[in-house]
Amino acid sequence: MRSEPVVLAQLTDTHVSVGDHGPGQAYWDENARRLRTALRSLNSESEPPAVVIGTGDLVECGKQPAYDRLVEIMGELVLPFWPLPGNHDSPELLRSAFPHMPWADNHASWAQVVPGTDVTVIGLDSTAPGQPGGHVDLERLDWLADNIEAAEGATIVAMHHPPFLTGIDWMDAAGFKGMEQLQEVLLAHPPTRVIAGHYHRSIVTRVGSCPASVGISTTLHVNLDLSNAAVPAVINDPIGYELHCVVQNSVVQNSVVQNTVGRNSAPQVITHTRYIDRASAPQPIQI
Ligand SMILES: [Fe+2]
Ligand SMILES: [Fe+2]
């Protein structure tokens with residue numbers, strides 16, 4: 001028996017910009033083209049996502065012209081868009097670019113229920129000015145714990161920096177101030193799922209009992225090199241976005257104490273990756 005999923009899309013690390021800085025205008029135009037391709041795909045999903053969560057690095061340089069371009073492009077999305085800052089963003093300019101979000105007072109975080117569902121998405125600002133790595137202070141940790149506790153039903157914590165090390169050393173080396181304390185909050189108040197960005201590639205683990213993942217970007221990926229000798233590099237891997245399907249599954253549970261097997265209904269998040277740009281049309285097969 002399958003209940004209808006609540007589909008949450010995750011778009012991350014779009015790195016929109018404009019001008020001749022960095023790799024230049026042609027590079028930023030390509031990033032814009034890729035994002036537009038993602039938006040067309042999201043708009044045409046047969047099971048439309050209830051919301052699209054943007055897990056940071058939405059622009060490259062945190063400057064107003066980049067946000068002007070981002071807002072213009074995101075205007076092509078017909079679905080609700082819930083953005084978060086990454087280390088390349090300006091939290092202040094992101095807040096003013098998307099004033100519809102219920103931003104927290106002192107950090108660019110938000111928490112809200114997906115309309116018509118009992119699914120709560122908690123967007124946690126993991127950025128600090130001028131820092132490439134993550135950062136959460138006591139105020140944000142308390143805010144997170146309070147919002148997880150207040151949520152009913154499935155609870156998705158979204159953030160830019162993943163709250164775990166990945167094994168890609170040169171990226172991990174940027175650090176995450178407060179990661180241990182954040183992990184303690186996630187252990188004490190486990191959400192249904194943690195989703196993050198920043199690494200531009202698919203990574204899956206867990207924090208305590210909670211599955212945690214990084215979504216693929218619409219731009220170049222961080223190169224997959226798990227050796228100690230890995231040097232900073234990017235690679236043109238297939239791009240896309242994640243579709244997180246929140247379902248109420250009937251879960252078989254073993255009770256060691258009573259030596260019985262029972263069934264409980266618990267929310268689960270099942271994640272699918274949508275590749276775009278190089279994707280082909282589905283071809284029906286005989287089964
Ligand atoms: Fe990024
Ligand atoms: Fe980042």
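View 1. Strands (E, at least two residues) and helices (H or I, at least four) are DSSP runs numbered from the N terminus. This is a predicted model, in which local features need pLDDT of at least 70 and side-chain atom pairs count only at pLDDT 80 or more, whereas totals for chains, interfaces and linings use all residues. Residues are numbered from 1 along each chain as its sequence is written, chains are lettered from A and ligands numbered from 1 in the order in which they are written, and side-chain values use heavy atoms, with hydrogens and water left out. Val51, Ile53 and Thr55 point one way from E2, while Val52 and Gly54 point the other way, and all are buried. E1 and E2 pair in the parallel sense over four bridges, where pairing requires that DSSP finds at least two bridges between two strands. Within this pairing, Ala9 stands opposite Val52 in E2.

**View 2. The site of the iron ion (ligand 1).** The protein donors of this ion are Asp13 (OD), His15 (NE2), Asp57 (OD) and His200 (NE2), which lie 2.1 to 2.3 Å from it. Donors are N, O and S atoms within 2.8 Å of the metal (3.2 Å for Na, K and Ca), and since water is not among the atoms, sites may look incomplete. The arrangement is irregular because the four donor atoms subtend angles of 89 to 171°; four donors count as tetrahedral if all angles lie between 85 and 135 degrees, four count as square planar and six as octahedral if opposite donors are over 155 degrees apart and all others between 65 and 115, and anything else is irregular. In sequence, the donor residues of the iron ion (ligand 1) follow the spacing D-x1-H-x41-D-x142-H. His15 lies in the loop between strand E1 (6-11) and helix H1 (25-43), and His200 in the loop between strand E9 (193-196) and strand E10 (203-207), so the pair ties together parts that are 185 residues apart in sequence. His15 is buried at a relative accessible area of 6%, and His200 also counts as buried, at 10%.

**View 3. The site of the iron ion (ligand 2) and the bridging Asp57.** Asp57 (OD), Asn87 (OD1), His160 (NE2) and His198 (ND1) coordinate the iron ion (ligand 2) at 2.1 to 2.2 Å. This site is irregular, with angles of 88 to 158° among its four donor atoms. Asp57 bridges the iron ion (ligand 2) and the iron ion (ligand 1), which lie 3.6 Å apart. Because Asp57 lies in the loop between E2 and H2 and Asn87 in the loop between E3 and H3, the pair ties together parts that are 30 residues apart in sequence. Asp57 is buried, with a relative accessible area of 2%.

View 4. In helix H2 (residues 64-74), Ala66, Tyr67, Arg69, Leu70, Ile73 and Met74 are buried. These residues cover an arc of only 160° around the axis, which puts them on the same side of H2; the arc is that of the directions from the helix axis to the C-beta atoms. What covers the buried residues of H2 includes E1, H1, E3 and H3, and contact means heavy atoms within 4.5 Å. A search of the whole structure finds three aromatic pairs. Rings of Phe, Tyr and Trp (its six-membered ring) pair if their centres lie within 6.5 Å, and planes under 30 degrees apart count as stacked, over 60 as edge-to-face and the rest as tilted. One of the pairs, Tyr27 and Trp28, is edge-to-face, at 5.0 Å centre to centre and 85° between the planes. Tyr27 counts as partly exposed at 28% relative accessibility, whereas Trp28 counts as buried at 1%.

**View 5. The hairpin of E4 and E5.** Four bridges join E4 to strand E5 (residues 120-124), and the two run antiparallel. The bridge partner of Trp110 in E5 is Gly123. Six residues lie between the strands of this hairpin, in which Gly116 takes a positive phi near 80°.

Note on methods
Buried < 20%, exposed > 50% of the residue type's maximum accessible area, 1.4 Å probe, protein only.
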